[in-house]
Amino acid sequence: MKISISLQLLLGLLLAINGILLHCQAWPARYTFVVEETPYKRLCSTKNILTVNGQFPGPTLYARKGDTVIVDVFNRGNRNITLHWHGVAQPRNPWSDGPEYITQCPIQPGANFTQKIIFSKEEGTLWWHAHSEWDRATVHGAIIIYPNKDNNYPFAKPHAEIPIILGEWWKEDIGKLYTQTLQSGGDPNNSAAFLINGQPGHRYPCSDSETFNLMVDYGKTYLLRLINSVAQEIMFFSIANHKVTVVGADASYTKPFTTDYVTISPGQTLDLLLTANQKPNHYYMAAKAYVGGVGVPYDNTTTTALLQYSNRGSKNYTYTPSPTPSFPTLPAYNDTNASVNFSGSLRSLADKNHPIDVPLKITTHLFYTVSVNSFPCPNNSCDGPNGTRFAASVNNISFVDPSIDILQAYYYHVNGEFGTRFPDIPPLPFNFTAQDLPLYLQTPKRGTEVKVLEYNTTVELVFQGTNLVSGDDHPMHLHGYSFYVVGLGLGNFDKDKDPLKYNLVDPPLRNTVIVPVNGWTTIRFKANNPGN
């Protein structure tokens, strides 16, 4: 395997041997990321995948709160690429944010681009990933942001810290799969496996020997930095016979709460404290998809890793592991209540050292429907419902890529690339979650429209899921901002009753949120980061 790597990055990787991070250590302020094709073997066969520095998952970035890190990106792959620093606000620095044709044009093969990553209020776990086509399936890695040198964690320092990255694997080339899906207009093929730290686990062929093992000492506490890099699926995650305590989400501390499972959507991160307090043995950690939509195709396999007790720290210094490790109890694949209840349990820490600032006086109210849609095809020739082409929309507008990135067009006053008439409310109100909806509602308009906000506007945005084509959960991410999740529920949002139940005291601060199937989620933020 070819690995191209800078001396600074090598230093950063050496600090993470066995997942044990030296909190007092300084990390490099500059990294080199080489995007290149690398052969990897999974599920009994080998294929080339796009990687950074030959690694899958990719290298971890380390920083302290308030640091600035430079990443020199060299594209030695065979197609355009961009990289996004998911959850990093990038104050007044949108040019390095990464979304293809939104804040920057892609890095072409053979070209390079230097990206500045400005950390501001983030503290905890984030991640980086490709933001072009579906390349983030293999081009991704963790970002770990420590407190600044004058502060500590708001919980006891763990014995060790371990990134746990949930991913997935297709036997097909991901670029070809993307092209085929666009051409057919139907659902993409399901992935062949889910992954934990790049490995499928014991339930898949040719995978036993490479299954990820986490070695723990009895009585010690570990910080698991859980990341969902899966392309579309919300995931349930659990560890057999063990509970975890959630202490952070999306690089913001939460009030600790203990649970035997977690729900994590694509793009989200969770910081989990795990105490090795069970009988020394081998235990499975496992993750599988949650799918709330009826009839929605999905990968119904389960990925596993092993939690393995060492012979240190316990009264019984040696033990014989059970022939079959204990397996965790995960919620059913369609258990919407389990997903919603977990998300609704999160609360910001909101103490004197970690204050929050929830906008209370709202100057802009927005209501956005989020829908699965379809476009008609000639002679019903596509692979979507009834020969149509799948689409998606917000307020009935399906986004069309401009010819140059929107930020560049805005900055240089290039006319004709986008419009500024994105509606504040749905143009055509209807019973959003009804079981039987007229077919004409399924076809959205096409457009490249943006919503322009005045600086320091305080915004309340209600995301409303609809039952068009097929109701489903929708992960929503806001670039350049974290936001307070003040409410969520099932069914249609009631503007008179539901705001009375908002949490305006200690709502969680997140950068990615789940809009539940045929339900709603309300967020609040201050528009104080121009360009995002």
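## Around Leu166

Leu166 touches Leu195, Ile196, Leu226, Ile227, Asn228, Ser229, Val230, Met235, Phe237, Ile264 and Ala287, leaving out residues up to four places away in sequence. Touching, or contact, means heavy atoms within 4.5 Å.

## The model and its confidence

This is a predicted model, in which local features need pLDDT of at least 70 and side-chain atom pairs count only at pLDDT 80 or more, while totals for chains, interfaces and linings use all residues. Residues are numbered from 1 along each chain as its sequence is written, and side-chain values use heavy atoms, without hydrogens and water.

The chain has a mean pLDDT of 93. pLDDT is the predictor's confidence in each residue, from 0 to 100. A value of 70 or more is reached by 94% of the residues. Residues 1-23 stay under 50. For that stretch the model has 54 contacts beyond four places in sequence.

Helices (H or I, at least four residues) and strands (E, at least two) are DSSP runs, numbered from the N terminus.

## A buried aspartate

Asp135 lies in the loop between β7 (124-130) and β8 (140-146). Asp135 is buried, with a relative accessible area of 2%. Buried means under 20% relative accessible area, exposed over 50%, and partly exposed in between (1.4 Å probe, protein chains only). Beyond four places in sequence, Asp135 is in contact with Leu50, Arg79, Asn80, Ile81, Ala130 and Ile174.

## Salt bridges

Side chains of opposite charge can pair when their charged atoms come close. The structure holds 13 salt bridges. Each is a side-chain nitrogen of Lys or Arg within 4 Å of a carboxyl oxygen of Asp or Glu.

One of them joins Glu161 and Arg225, with the closest N and O atoms 3.0 Å apart. The pair links distant parts of the chain: Glu161 sits in strand β9 (residues 160-169) and Arg225 in strand β12 (residues 221-228), 64 residues apart. Both Glu161 and Arg225 are buried. With Asp271, they are linked in a network of salt bridges.

Lys451 and Asp424 meet in a salt bridge at 2.8 Å, N to O. Lys451 lies in the loop between β23 (445-447) and β24 (457-465), and Asp424 in the loop between α4 (406-411) and β23, so the pair ties together parts that are 27 residues apart in sequence. Lys451 is partly exposed, at 33% relative accessibility. Asp424 is partly exposed too, at 31%.

Lys495 pairs with Asp496, the closest N and O atoms being 3.5 Å apart. Lys495 is exposed, at 64% relative accessible area. Asp496 is exposed, at 53%.

## A nonpolar surface patch

Trp95, Tyr410, Tyr411, Tyr412 and Val414 form a nonpolar patch on the surface. Patches are made of residues with over 30% relative accessible area and no salt bridge: like charges are joined within 9 Å, nonpolar side chains (Val, Leu, Ile, Met, Phe, Trp, Tyr) within 5 Å. Together the five residues have about 570 Å² of accessible area. Accessible areas come from the Shrake-Rupley method with a 1.4 Å probe; for residues, only the protein chains shown count as cover.

Trp95 lies in the loop between β5 (83-86) and β6 (112-118). Trp95 is partly exposed, with a relative accessible area of 34%.
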